[in-house]
Amino acid sequence: MTAKRLGVIAATAIVVANMIGTGVFTSTGFQAIGLHDAGTILVVWVVGGVLALCGAACYAELGAMMPRVGGEYVYLREGLHPLVGVMSGWASVLAGFSAPIAVSSMAFAKYTAAIWPSLADPTSQQLLAIGLIVAMTVLHSFSTVLGGRVQTVFTAAKTLLIVTFILAGFTAGGGSTAHFASQAGGLSNIWTAAFGISLMYVSFAYSGWNAAAYIAGEIDRPEKSVPRALLYGTGLVMLLYVLLNVLFIYALPIDTLAHGDGGGPIVEVGDASARALFGPRAGQMLSTLIALALVSSVSAMVMAGPRVYAAMAEDGALPKTLARRSHGGAPAWSVVVQGALAIAITMTGRFDQIVRYVGFTLTIFAALTCIAMLVMRRTRPDMPRPFKTFGYPITPLVFIAGSIWIAYSQIELYPTESLYGVGTLVFGVVAYFVSRSRR
């Protein structure tokens, strides 16, 4: 059994690093298209943060109860049925980690091109994204401890730089409070399908709040450290996300965020905001910061994801080779396979479609995990619970209701990406019965 060597600080750093990545720096323009109103955009970020905290509280209870490597795969296997566990494991392989790694690497390439425009051509963009995936795959193939230390340093650096950017933007930036004026229906947009889709983009940005659950078996005193890492990390990121979006709107009018130069929403929101606040040179500096943040995000996902595959391999749901550990405790072959999948998605996928596919699929399994927590309260009432979800049963019910809203809105407005998500579920069912037939 792998030694438990990650402390609460490293676990919290992994949560923060998994969360602060592509979404917050790229999705506000998409929300501006659908919602048209500054106040509603900020509400959606607050609602998304509350939902993430509710989900983190449920996962904290499960992680303290079952401090094993694997996350939803373990919780759904134990709480609902092994079939659901295997389905979630395959969803993690494709939508939970490989696709988000690809998206974050693609965003890293975009922000790198904002620093060096000569790298903006499609070939250079693809090579930059693939190069980052390869570098992080190599790093995390050898040692859990080394990966954890690198992750902590990356996370501390990017959090400090984000806080500095927020403070400088509000104290010395050239923004305008006029950008917050209510328009196009104001808060009445909350009741539209567009709000549900915007919440999906926000939930993608918040995804990663459950990261400590995937590595619970490698954390010291997981019954205490896992809940702390999940809740501290999610709370910190929620605060930073809301402040960042206030700053983005302070820097740029809603119409500019939505339409840019007439070619669609601004994707590199952080870069455009910094240029508006401080000038072109500051935009390059912030692009450097965001590129660093995305390196940290990719690193965290490359570290966490293979623990799911290793847990599945130990149960026979994947080839046993994927459970093999390096001398440093890392599931090396799982790391390599994940890297290969992420590279394949990078070479074939579109940024916005991948984001919607990931958001839809992960929303379903996060909701199922909260349902599993509710079920286990009834079916296993005597099981030790070092941490209990605050606000029970309202907390899990709020998260489940929000997830249903997001999924319904996605099906209504983007059925193609929803079908990809359903296809992932079907693939998981097939994989379950194939693995059973081999035993």
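Colleague: How many cavities of 30 Å³ or more does the count come to?

Modeller: This is a predicted model, where local features need pLDDT of at least 70, side-chain atom pairs count only at pLDDT 80 or more, and totals for chains, interfaces and linings use all residues. Residues are numbered from 1 along each chain as its sequence is written, and side-chain values use heavy atoms, without hydrogens or water. With cavities taken as sets of points on a 1 Å grid over the protein atoms alone where a 1.4 Å probe fits but cannot get out, the count of those of 30 Å³ or more is two.

Colleague: What is the volume of the largest cavity?

Modeller: Its lining (residues with an atom within 4 Å of a point) has 39 residues. Ser203, Ser207, Gly208, Trp209 and Leu362 lie nearest its centre. The volume of the largest cavity is about 490 Å³.

Colleague: Which helix gives the most to the lining of the largest cavity?

Modeller: By class, that lining divides into 20 nonpolar, 18 polar and one charged residues (Gly counts as polar). The biggest contribution is seven residues, and these come from helix H6 (residues 82–115).

Colleague: And which helix gives the largest share of the lining of the second largest cavity?

Modeller: That cavity holds about 40 Å³ of space, and its lining includes Gly23, Phe30, Tyr201 and Asp352. Helices H2 (22–26), H9 (193–206) and H16 (351–379) each give two or more residues. The largest share is three residues, from H16.

Colleague: How many nonpolar residues are in the lining of the second largest cavity?

Modeller: Phe204, Phe351 and Val355 are among the lining residues. Three are polar and one is charged, while the nonpolar ones number five.

Conventions
On a 1 Å grid over the protein atoms alone, a cavity is a set of points where a 1.4 Å probe fits but cannot get out, and a pocket is an open set with protein on both sides within 12 Å along at least five of seven lines; lining residues have an atom within 4 Å of a point. Grid points are joined across faces, edges and corners, and a volume is the space filled by probe spheres set on the points. Helices (H or I, at least four residues) and strands (E, at least two) are DSSP runs, numbered from the N terminus.
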